[in-house]
Structure formats: C-alpha cells, structure tokens
Amino acid sequence: MTEQEIINNQLKTKIEVHDEKFNSLLAKIDATNNRIDDFIDEMRDRDNQRHAEMVEIRQSLQNIQASGRNQTIVTFLGIAAMVIAVLLK
C-alpha cells in the first residue's frame with residue numbers, strides 16, 4: 001500500500017467518524033425538536049382548557065346577573081303595584 005493510499009484510508013476513517021458524530025447530533029436535535037413540539041402542544045391544550053373554563057364561568061356569571069336583574073325588576077314591579085293599590089284605595 002502506498003503512502004497516498006494510507007493517507008486516503010485515514011482520511012476516509014476520519015470522515016466516517018465525523019459523519020457518525022454529525023448524524024448523532026442530528027438525531028439529538030430531532031429529539032429535542034420533538035420534545036419542544038410536544039411541550040408547545042401541551043401548553044396549547046392547557047390554554048384551550050383555561051379558555052373553555054373562563055367562557056363557562058363568564059356564562060354562569062351572566063346567567064346569575066340576568067337572574068338578579070329579573071328579580072330586581074319583579075321586586076320593583078311588586079312595590080309599584082303595592083303603592084298603586086294603596087293610592088287607589
């Protein structure tokens with residue numbers, strides 16, 4: 001084997017080692033990207049759950065407020081009816 005062939009084989013070996021390291025690094029980057037994507041999806045799901053809960057709470061509060069307004073109106077009408085009944089006697 002000539003000296004040039006020996007050098008070529010050594011270079012080939014070094015390139016193969018670097019290729020393996022590079023591929024390993026790419027695999028780690030892909031795994032990290034997958035973890036980040038999973039984390040983002042989880043955060044998005046939690047945000048959507050919070051949003052749904054807030055919508056439900058707001059709807060409940062609106063129902064309570066509407067019910068309270070209705071009770072207030074009925075109370076005022078009852079008082080007005082009593083005043084009118086007293087004034088008409």
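What radius of gyration does the protein chain have, and what would a compact globule of 89 residues have? The protein chain has 38 Å, whereas a compact globule of 89 residues would be near 12 Å; the radius is taken over C-alpha atoms, and the globule rule is 2.2 Å times the number of residues to the power 0.38. This is a predicted model, in which local features need pLDDT of at least 70 and side-chain atom pairs count only at pLDDT 80 or more, while totals for chains, interfaces and linings use all residues. Residues are numbered from 1 along each chain as its sequence is written, and side-chain values use heavy atoms, with hydrogens and water left out.

**Overall form**

- The protein chain contains one helix and zero strands; helices (H or I, at least four residues) and strands (E, at least two) are DSSP runs, numbered from the N terminus.
- Along the principal axes, the C-alpha atoms of the protein chain fill a box of roughly 130 × 10 × 5 Å.

**Surface and exposure**

- Of the 89 residues in the protein chain, 0% are buried; buried means under 20% relative accessible area, exposed over 50%, and partly exposed in between (1.4 Å probe, protein chains only).
- The protein chain has an accessible surface of about 8,500 Å², and carbon and sulfur atoms account for 60% of that surface. Accessible areas come from the Shrake-Rupley method with a 1.4 Å probe, and for residues only the protein chains shown count as cover.
- I36 is partly exposed, at 42% relative accessibility.

**Nonpolar patch**

- F76, I79, M82, V83 and L87 together form a nonpolar surface patch with about 550 Å² of accessible area. Patches are made of residues with over 30% relative accessible area and no salt bridge; like charges are joined within 9 Å, and nonpolar side chains (Val, Leu, Ile, Met, Phe, Trp, Tyr) within 5 Å.
- V83, one of these patch residues, belongs to helix α1 and is partly exposed, with a relative accessible area of 44%.

**Charges and salt bridges**

- Side chains of opposite charge can pair when their charged atoms come close.
- The structure holds two salt bridges, each defined as a side-chain nitrogen of Lys or Arg within 4 Å of a carboxyl oxygen of Asp or Glu.
- R44 is partly exposed at 48% relative accessible area, and D41 is partly exposed at 38%.
- Another salt bridge joins the side chains of R46 and E42 at 2.7 Å, N to O. R46 and E42 are four residues apart in helix α1, about one turn of the helix.
- R46 is partly exposed at 39% relative accessible area, and E42 is partly exposed at 36%.
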